[in-house]
Amino acid sequence: AEINFVKIISPRAEEVTEKVKKDGINFEVEPCLGYCGYCAIGQFALVDDEFIQADTSEELYQKIKSIY
């Protein structure tokens, strides 16, 4: 699976990427993923080009794990 995160300098984003990294899952951090505005209202990732959004870091991580 291909996982992409938008580059946000925030503790929320780092929580998810650190957990994914610990699990040995490869991911990319991009300056922009083209989902304007979503960065400000919640957390998201693209998993195999599928938009995955969550209210919390833990919820996003769990969604990624269930797909991966």
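Before I go on, a word on the source. This is a predicted model, in which local features need pLDDT of at least 70 and side-chain atom pairs count only at pLDDT 80 or more, while totals for chains, interfaces and linings use all residues. Residues are numbered from 1 along each chain as its sequence is written, and side-chain values use heavy atoms, with hydrogens and water left out.

Back to our loop. Asp48 sits between β3 (43-47) and β4 (50-54), and its phi is near 50°, a positive value in a residue other than glycine. Asp49 belongs to the loop between β3 and β4 too. Its phi is positive as well, about 65°, although Asp49 is not a glycine. Is Asp49 buried or exposed? With 63% relative accessibility, Asp49 counts as exposed.

Now let's zoom out. What pattern does the protein chain follow along the sequence? It reads β-α-β-α-β-β-α, giving three helices and four strands. Here helices (H or I, at least four residues) and strands (E, at least two) are DSSP runs, numbered from the N terminus.

On overall dimensions, the C-alpha trace spans about 30 × 25 × 20 Å along its principal axes. The radius of gyration of the protein chain is 11 Å, in agreement with the value near 11 Å for a compact globule of 68 residues. That radius is taken over C-alpha atoms, and the globule rule is 2.2 Å times the number of residues to the power 0.38. Of the 68 residues, 34% are buried. Among contacts with a separation of 6 or more, 52% join residues 24 or more positions apart; contact means heavy atoms within 4.5 Å.

Let me show you some individual residues. Asn4 lies in strand β1 (residues 3-6) and is buried, at 7% relative accessibility. Which residues does Asn4 contact, leaving aside neighbours within four places in sequence? They are Glu28, Glu30, Leu33, Ala45 and Leu46.

Val29, in strand β2 (residues 28-30), is partly exposed at 42% relative accessibility. Not counting residues up to four places away in sequence, Val29 touches Phe5, Val6 and Lys7.

Thr17 takes us to helix α1 (residues 11-22). With a relative accessible area of 13%, Thr17 is buried, and beyond residues up to four places away in sequence it touches Phe5 and Phe27.

My last stop is helix α3 (residues 57-67), where Ser57, Leu60, Tyr61 and Ile64 are buried. Why do these four lie on the same side of α3? Because they cover an arc of only 100° around the axis, the arc being that of the directions from the helix axis to the C-beta atoms. As a reminder, an α-helix has 3.6 residues a turn, so residues three or four places apart point the same way.

Conventions: Buried means under 20% relative accessible area, exposed over 50%, partly exposed in between (1.4 Å probe, protein chains only).
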